[in-house]
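Q: Hi! Could you walk me through this one while I have it open on my screen?
A: Happy to. Pick any spot and we'll go from there.

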Amino acid sequence: MAAPTSDDGRISRITSATRVIPDFPKPGILFQDITTLLLDPVAFKGMIDLFVERYKDNDISVVAAVKVVGVMVVVVG
């Protein structure tokens with residue numbers, strides 16, 4: 001799959017729906033808070049669709065993830 005282009009409206013919607021908290025948890029870190037993304041159903045669907053488009057043609061049978069900062073996003077479809 002080709003990478004989404006900069007004119008893909010989903011990318012800008014996801015970016016604008018993600019809150020950036022500067023200097024958290026320490027100076028120089030830009031924390032990307034996805035809580036606001038989860039509250040925007042259109043942006044959240046766009047994020048899931050981009051993941052699906054990127055990996056749908058791969059022969060993936062198992063996915064492992066690390067739980068970070070108490071947040072785990074799981075979508076089964």
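Predicted model: local features only at pLDDT ≥ 70, side-chain atom pairs only at ≥ 80, totals over all residues.

Q: Where does Phe 31 sit?
A: Phe 31 is in strand E2.

Q: And which residues does Phe 31 touch, not counting residues up to four places away in sequence?
A: Arg 19, Val 20, Ile 21 and Phe 24.

Q: What is Phe 24 in contact with, leaving aside neighbours within four places in sequence?
A: Ile 29 and Phe 31.

Q: What about the phi of Asp 23?
A: Phi of Asp 23 is near 60°, which is a positive value in a residue other than glycine. In general, most residues other than glycine have a negative phi.

Q: Where is Asp 23, and is Asp 23 buried or partly exposed?
A: Asp 23 is in the loop between E1 and E2. Its relative accessible area is 48%, so Asp 23 is partly exposed.

Q: New topic: the helices. At what angle do the axes of H1 and H3 cross?
A: Roughly 125°, and the axes of H1 and H3 (residues 41-55) come within 9 Å. That angle makes H1 oblique to H3.

Q: Is the H1 and H3 crossing left-handed or right-handed?
A: The crossing of H1 and H3 is left-handed.

Q: Which residues make that contact?
A: From H1, the contact uses Arg 10, Ile 11, Arg 13, Ile 14 and Ala 17. On the H3 side there are Val 42, Ala 43, Gly 46, Met 47, Asp 49, Leu 50 and Glu 53.

Q: How does the contact of H1 with H3 split by class?
A: There are 7 nonpolar, 1 polar and 4 charged residues in the contact of H1 with H3.

Q: Arg 10 is on that list. What does the side chain of Asp 8 do with the side chain of Arg 10?
A: Those two side chains make a polar contact, at 2.8 Å. Asp 8 is found in the segment before helix H1 (9-17).

Q: Is Asp 8 buried or exposed?
A: Buried: Asp 8 has 15% relative accessibility, and the cut-off for buried is under 20%.

Q: Zooming out, how many helices and strands does the protein chain have?
A: The chain has 3 helices and 2 strands, and along the sequence the pattern reads α-β-β-α-α.

Q: How much of the protein chain is buried?
A: Buried residues account for 14% of the 77 residues. On contacts between residues at least 6 apart in sequence, 43% join residues at least 24 apart.

Definitions and conventions. Residues numbered from 1 in each chain as written. Heavy atoms only, no water. Helix = DSSP H or I, 4+ residues; strand = E, 2+ residues; numbered from the N terminus. Buried < 20%, exposed > 50% of the residue type's maximum accessible area, 1.4 Å probe, protein only. Polar contact = N/O pair within 3.5 Å; in protein donor to acceptor, adjacent residues only side chain to side chain. Axes fitted to C-alpha atoms, helices over the stretch in contact; angles between N-to-C directions. Parallel < 35°, antiparallel > 145°, perpendicular 65-115°, else oblique. Left-handed = near helix turned anticlockwise from the far one by under 90°. Contact = heavy atoms within 4.5 Å. Nonpolar A, V, L, I, M, F, W, Y, C, P; charged D, E, K, R; others polar.
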